[in-house]
Amino acid sequence: MELLLILVPAVLVVLAVSFLIFHRAVGFGQLNSAAQRERMTARALEGLMRNFAVAENTIYRNNIKLNNMANKLQLSNNQLARLNNMKSKFLSMVVHDVRTPLSVIRGFSDLFARDPSANDKQRTMSKHMGSAVDRLNRLVSDLTDLAMIESGKLKIEPAVFNFCEVVDELMPAIEISAQTKGVVLKYDQIGRDAVIDGDKFRISQVLQNLMANAIKFTPGGGLVELKTRNDKCWIYVYVKDSGIGIHPSETRKIFEKFYQAEYQKDDKLTKLGWGLGLSIALEIISLHKGEIAAESRGLGHGSTFWFKLPIQPMAEQ
Ligand SMILES: Nc1ncnc2c1ncn2[C@@H]1O[C@H](COP(=O)(O)OP(=O)(O)O)[C@@H](O)[C@H]1O
Ligand SMILES: [Mg+2]
């Protein structure tokens, strides 16, 4: 009994002390981890701030680089615009200064060809001179058109006219070049009721280009056909030839300026031109809100060039 009286309070004291120690220990632990968490959060925040500062610095430096690049680009852009302007001025100056002497040479070669005192050889020579001058003249007017296109100055002067007038006016000269080349020319399917509100001179230039190409790229004995058809809104004009044809990969590219088909092996024909006619035709047709394209079944299988133009509704004709 006495032993119990001593043991029970001793056990109670030990329990109480253990409880106190345990409680203290837990409290201290809790205190310790909160402080640790605070420290960790502070450290993470510090790290984040450091990263932010680095990112900010990088953005700032990149921004400076971008600004420098933009300034350089602006400079090159200004320079390009200045050079382009100079090129256009130079081109129109050259064109003007070449035209005048060319017309003098053309005049004298004509005079010489008709001179009764000239012999056959001299007449043939002056004819060659005349056609060389014609080629140069064509180049000069193509270059003039190109300069106008590039400076946005190629304007159409619209007026109402019947498309068949263009064909009637153009065909006599085309007939002569077809005959000279030995190419058969067919144009018996021309609609006579398509009225256009457009620039007759420019549209005639397009048709003349397509016909000249068709004759140029068709060997003697071949056929060149001009046809039109129209519905209520459009006139469709087709220039079909049985000539050297176009590789499928080039039917679009040939409308780019200075582009001449690379798959065609005939050097003699390409030397006869500069690759400008179709790019000018495309511009003229686009200014009339029309469409132009080339189709071919491939090299050696002929080509068809077509364009369409809006026509006047019947009531307005
Ligand atoms: N009817 C055609 N048949 C075959 N190729 C053609 C025809 N028309 C045009 N091309 C091709 O398109 C190119 C560009 O034509 P174009 O712009 O009129 O220039 P150019 O006649 O001065 O060469 C020609 O060089 C030729 O390769
Ligand atoms: Mg041409």
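Lys289 sits in the loop that links H6 to strand S6 (291-296). The model described here is a predicted one. In this model the phi angle of Lys289 is near 60°, a positive value in a residue other than glycine.

Most residues other than glycine have a negative phi. Phe258 also has a positive value, with phi near 65°. Phe258 belongs to the loop between strand S5 (234-241) and helix H5 (267-270). Is Phe258 buried or exposed? Phe258 is exposed, as 9 other C-beta atoms lie within 10 Å.

## The chain as a whole

The chain contains 6 helices and 7 strands. Read from the N terminus, these elements follow the order α-α-β-α-β-β-α-β-β-α-α-β-β.

Of the 317 residues in the chain, 20% are buried. Among contacts with a separation of 6 or more, 68% join residues 24 or more positions apart.

## Helices H3 and H4

Two packed helices are described by the angle between their axes and the distance between the axes. For helix H3 (residues 163-181) and helix H4 (residues 200-216), the axes come within 10 Å and cross at roughly 20°. Angles under 35 degrees count as roughly parallel, and H3 and H4 are therefore roughly parallel to each other. The crossing in which H3 passes H4 is right-handed.

On the H3 side, the contact is formed by Val166, Glu169, Leu170, Ile174, Ser177, Ala178 and Lys181. The H4 side supplies Lys200, Ile203, Ser204, Leu207, Gln208, Met211 and Ile215. Sorted by class, this contact of H3 with H4 has 8 nonpolar, 3 polar and 3 charged residues.

## Helices H4 and H6

H4 also packs against H6, at an angle of about 145° and with the axes 9 Å apart. The crossing of H4 and H6 is left-handed. Which residues make this contact? From H4 come Arg202, Gln205, Val206, Asn209, Leu210 and Asn213, and from H6 come Gly277, Ala281, Ile284 and Ile285. By class, the contact of H4 with H6 has 5 nonpolar, 4 polar and 1 charged residues.

## Glu283 in helix H6

Glu283 is part of helix H6. Glu283 counts as buried because 21 C-beta neighbours lie inside 10 Å, where 20 or more are required.

Glu283 touches Ile149 and Leu154, leaving aside residues up to four places away in sequence. The C-alpha atom of Glu283 is separated by 9.9 Å from that of Asp145, and these two residues are 138 residues apart along the chain.

Methods. Residues are numbered from 1 along each chain as its sequence is written. Chains are lettered from A and ligands numbered from 1 in the order in which they are written. This is a predicted model: local features need pLDDT of at least 70, side-chain atom pairs count only at pLDDT 80 or more; totals for chains, interfaces and linings use all residues. Axes are lines fitted to C-alpha atoms, for helices over the stretch in contact, and angles run from 0 to 180 degrees between N-to-C directions. Helices (H or I, at least four residues) and strands (E, at least two) are DSSP runs, numbered from the N terminus. Angles under 35 degrees count as roughly parallel, over 145 as roughly antiparallel, 65 to 115 as roughly perpendicular and the rest as oblique. A crossing is left-handed if the near helix is turned anticlockwise from the far one by less than a right angle, and right-handed if clockwise. Two residues are in contact if their C-beta atoms, placed from the backbone, lie within 7 Å. Ala, Val, Leu, Ile, Met, Phe, Trp, Tyr, Cys and Pro count as nonpolar, Asp, Glu, Lys and Arg as charged, and the others, Gly among them, as polar. A residue is buried if 20 or more other C-beta atoms lie within 10 Å of its own, exposed if 12 or fewer, and partly exposed in between; C-beta atoms are placed from the backbone.
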